[in-house]
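Hello,

Here is the structure I promised to pass on. Please have a look at it first, and then read my notes below.

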Amino acid sequence: MQSRMQNPAFVLPGAMQPIQELFKAVHAGGVDTQTLELVHLRVSQINGCSACVDAGTKTARKAGVSDERLATVVAWRETPYFTEEERAALELAEAATRLADRADAVSDEVWDRAATYFDEKQLAAIVLMVGVTNLFNRLNATTRQIAGAWG
């Protein structure tokens, strides 16, 4: 397997730094790092981005996410390894990623459940993590970035 080109965020001067600044802002939003890493991993799984699933698994492991949780985040609804807060974040992440799957992409029920556990700043961090992850998933999948190539 071979990538089509380098990730576009690295090709265009000045593109990567603002994305990194968004990640810094997300991590300063008051959401537990493990929750953010689970959100990133789940969004990347949905989008089939092998490079981000690979990198996200490694980053989540560094953040202390257990192997049981890493292996079952794809089936988080059916496993006992996730807190109610994490479930609300994962549900919001899935809805915000699968926008075209339903007319009301992020229903009031999904939003309200997340808002039960997270304040506005934390919700902003989760939504931004979903958005930035979706951005990277699209860049990587389109250009066929190779899992493990980023070290």
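A word on terms before the tour: buried means under 20% relative accessible area, exposed means over 50%, and partly exposed is in between (1.4 Å probe, protein chains only). This is a predicted model, so please keep in mind that local features need pLDDT of at least 70 and side-chain atom pairs count only at pLDDT 80 or more, while totals for chains, interfaces and linings use all residues. Residues are numbered from 1 along each chain as its sequence is written, and side-chain values use heavy atoms, with hydrogens and water left out.

Met 5 sits in the segment before α1 (8-11); helices here are DSSP runs of H or I with at least four residues, strands are runs of E with at least two, and both are numbered from the N terminus. Met 5 counts as partly exposed because its relative accessibility is 37%. Together with Val 11 and Leu 12, Met 5 makes a nonpolar surface patch of about 260 Å². Patches take residues with over 30% relative accessible area and no salt bridge, joining like charges within 9 Å and nonpolar side chains (Val, Leu, Ile, Met, Phe, Trp, Tyr) within 5 Å; the areas come from the Shrake-Rupley method with a 1.4 Å probe, and for residues only the protein chains shown count as cover.

Now to the inside. The largest nonpolar core has 18 residues, and Val 31, Val 39, Leu 92, Phe 118 and Ile 126 touch the most other members. At least two residues of this core come from each of α3 (33-47), α6 (84-97), α7 (108-117) and α8 (120-142). By core I mean buried Ala, Val, Leu, Ile, Met, Phe, Trp, Tyr and Cys residues joined through side-chain atoms within 4.5 Å. Beyond its neighbours within four places in sequence, Val 31 is in contact (heavy atoms within 4.5 Å) with Leu 36, Phe 118, Gln 122, Ala 125 and Ile 126.

Leu 41 belongs to helix α3 and counts as buried because its relative accessibility is 1%. Setting aside residues up to four places away in sequence, Leu 41 touches Val 53, Gly 56, Thr 57, Leu 70 and Val 73.

The structure holds nine salt bridges, each a side-chain nitrogen of Lys or Arg within 4 Å of a carboxyl oxygen of Asp or Glu. One of them joins Arg 42 and Glu 94 at 2.7 Å, N to O, linking helix α3 to helix α6 across 52 residues. Arg 42 and Glu 94 are both buried. Glu 94 also forms a salt bridge with Arg 77, with the closest N and O atoms 2.8 Å apart. Arg 77 lies in the loop between α5 (67-72) and α6, and is partly exposed because its relative accessible area is 47%.

Within helix α6, Arg 87 and Glu 84 are three residues apart, about one turn of the helix. Shared partners join Arg 42, Arg 77 and Glu 94 into one network of salt bridges.

At the other end, Arg 144 lies in the segment after α8 and has a positive phi of about 55 degrees although it is not a glycine.

Finally, UniProt lists residues 15-95 as "domain: Carboxymuconolactone decarboxylase-like" in an unreviewed entry; its positions are given in the numbering used here, feature names are shortened, and annotations may be inferred rather than shown by experiment. That span is 72% helix and 0% strand.

Best wishes
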